[in-house]
Amino acid sequence: MRQFQTTVTERKLNFQGEFTTHPYEAGWASEAISFIRVEDVSGEAARLEAFVQISVDGVRWVDEGTVFQKISEKGDYFVRVSHFGGYLRLRGAATGDDANFKLTIWWVLKE
Amino acid sequence: MSKQFIAYDYGLSKYNPLETILCYDDFDRGACGWTDLTPNFTLENFDARPSIIDKAKWGPPMLSTATYSYVGTHGSMDGLYSLKLATKPVAAKYTEVPLPGSMGHAIKRISRHKSFSKLQFEMWYAYTPEQDRNGLSEQSIRAFGAFFDYQDPNSRSHIGVRYLNSVDGELKQRWQCFQMADGVTDKDWGYGSDIEWARAGVDAMWYGRRYPDGRTDGFTDIAGGEQQLCYNEADDKINWLYLRFLVDVEKREYIEMQSGDKIIPMRGYAPTKCERYARIDGLLNPSVWIETDTDRSVFLYVDSVVVSVE
């Protein structure tokens with residue numbers, strides 16, 4: 001049986017401007033899916049961008065290259081990642097006048 | 001300890017379990033049922049009941065290799081993976097209401113399967129702050145501990161101990177047990193909030209007023225509990241430590257605890273008996289947690305846990 005873990009790193013949290021998600025260790029996993037659920041969105045021309053980041057130590061981060069499509073509506077969105085080493089997180093930005101995104105963010109990991 | 005178990009797994013030889021081992025969780029085998037501690041998402045939109053404590057934002061546990069920039073990977077005590085609890089980099093002053101994310105928790109949800117009079121928790125663990133700045137930062141860790149959320153047909157109790165390491169940057173380094181102070185009301189327990197619904201004695205990890213000397217409404221200092229733990233000379237070097245506490249559940253009284261090679265008698269200390277909650281008779285949930293003292297993540301690594309009864 002393969003190891004499997006779904007973890008909620010951000011739960012119904014409001015985001016404005018730039019942000020990063022809670023660092024997550026996943027050295028045991030060979031594949032990951034990042035899910036973003038937009039629970040609510042408000043603001044004028046509100047847009048959400050999100051990028052996968054990796055790290056050697058969980059402190060200093062670099063973009064991995066995987067990018068979410070631009071998000072502007074409620075719904076569930078995902079990207080797939082593999083060959084990511086030990087640590088994962090997202091960096092993101094909510095743009096637009098008074099933009100607020102209420103998000104739940106998961107890592108779905110498999111050995 | 002029953003010798004047959006040593007034959008099954010050498011990892012148990014560093015433990016001292018009672019007659020029946022309910023679980024031996026080595027996190028090299030995965031999360032073993034330990035999961036994030038969350039509120040009840042039972043309201044509209046799967047929201048939780050409003051509370052002065054936001055219990056939906058604790059840092060989630062993860063399987064860790066304990067890897068650092070200039071050290072590389074520690075691995076765990078007898079393998080590669082431990083269960084890591086990581087707070088978010090936020091903390092209020094000690095005497096204030098804990099901020100969302102200022103703690104990390106992990107819980108395993110099991111229930112009573114036989115009659116027993118003694119209950120014991122053991123773990124091998126390590127702790128350190130995230131190495132996100134120079135220097136030695138032992139004082140960044142406020143507290144960590146382990147407990148059972150326990151209920152029988154008469155009452156519910158949180159039963160366990162915590163190591164109070166630091167209060168607003170000042171090292172305290174002593175063991176305390178879950179035992180509520182006399183005269184504490186439900187409103188006191190919820191920091192005087194009018195919206196809070198918590199019952200006094202339940203969830204002392206975050207409820208109960210906190211005082212500048214390190215006392216709280218929910219934790220009592222254990223006589224002889226002062227102890228400087230083995231904390232290495234840099235935040236990226238971890239040492240595995242042993243913790244055990246033993247409880248007389250018939251009398252609902254602590255018997256003793258052990259930290260490293262130090263055994264501390266605890267007869268006379270008693271976990272607070274609270275009114276039982278509906279539907280959860282037989283609840284026997286072991287749990288661990290850590291709390292940060294400042295604006296940085298702190299980590300509790302758990303190599304393995306043994307829960308036993310007799």
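Predicted model: local features only at pLDDT ≥ 70, side-chain atom pairs only at ≥ 80, totals over all residues.
A residue is called buried here if 20 or more other C-beta atoms lie within 10 Å of its own. By that count, 47% of the 310 residues of chain B are buried. The predictor gives the complex an ipTM of 0.96 and a pTM of 0.96. For chain B the mean pLDDT is 95, with 97% of its residues at 70 or more.

Let me take the two chains in turn, starting with chain A. Chain A has zero helices and seven strands. Read from the N terminus, its elements go β-β-β-β-β-β-β. Its radius of gyration is 14 Å, close to the 13 Å that the globule rule gives for 111 residues, so chain A is as compact as a globular protein of that length. Along the principal axes, its C-alpha atoms fill a box of roughly 45 × 30 × 20 Å. Of the 111 residues in chain A, 33% are buried. If you take the contacts in chain A between residues at least 6 apart in sequence, 80% of them join residues at least 24 apart.

Now chain B. Its secondary structure consists of two helices and 18 strands. The C-alpha trace spans about 50 × 50 × 45 Å along the principal axes. A compact globule with 310 residues would have a radius of gyration near 19 Å, and the 18 Å of chain B agrees with that. For chain B, 69% of the contacts between residues at least 6 apart in sequence join residues at least 24 apart.

Next, the strands of chain B. Strand E10, residues 155-167, is mostly covered, with twelve of its 13 residues buried. Which strands does E10(B) pair with? One is strand E9, residues 141-151, which pairs with E10(B) in the antiparallel sense over nine bridges. Three residues lie between E9(B) and E10(B), and the two strands form a hairpin. Within this pair, Gly145(B) has Arg162(B) as its bridge partner. E10(B) also runs antiparallel to strand E11, residues 170-178, and six bridges join them. There, Ser166(B) stands opposite Leu171(B). These two strands form a hairpin as well, with two residues between them, and Asp168(B) in the turn has a positive phi of about 50 degrees. Another partner of E10(B) is strand E16, residues 274-275, in an antiparallel pairing over two bridges. In that pairing, Ser155(B) is opposite Glu275(B).

Strand E13, residues 241-248, and strand E14, residues 253-259, of chain B run antiparallel and are joined by six bridges. Leu246(B) has Glu256(B) in E14(B) as its bridge partner. The hairpin of these two strands has four residues between them, and Arg252(B) takes a positive phi near 50 degrees. E14(B) is then joined by four bridges to strand E15, residues 262-265, again antiparallel. Met257(B) stands opposite Ile264(B) there. E14(B) and E15(B) form a hairpin with two residues between them, and Gly260(B) in the turn has a positive phi of about 60 degrees.

What about the core? The largest nonpolar core has 98 residues, and the members that touch the most others are Tyr125(B), Ile290(B), Leu300(B) and Val302(B). The element that gives the most to this core is strand E7, residues 87-110, of chain A, with eleven residues. Leaving out residues up to four places away in sequence, Ile290(B) touches a list of residues that includes Leu85(B), Met103(B), Tyr127(B), Phe144(B) and Leu300(B).

For contrast, look at Phe116(B). Where is Phe116(B)? It sits in the loop between strand E7 (103-108) and strand E8 (118-129) of chain B.

Last, the contact between the chains. It takes 20 residues from chain B and 18 residues from chain A. On the chain B side, the elements that give two or more residues are strand E3 (62-64) and strand E4 (67-68). E3(B) gives the most, with three residues. The residues on this side divide into seven nonpolar, seven polar and six charged.

Conventions
Residues numbered from 1 in each chain as written. Chains lettered and ligands numbered in written order. Core = buried A, V, L, I, M, F, W, Y, C linked by C-beta atoms within 7 Å. Contact = placed C-beta atoms within 7 Å. Nonpolar A, V, L, I, M, F, W, Y, C, P; charged D, E, K, R; others polar. Pairing = 2+ DSSP bridges. pLDDT = per-residue confidence, 0-100. Rg over C-alpha atoms; globule rule 2.2 N^0.38 Å.
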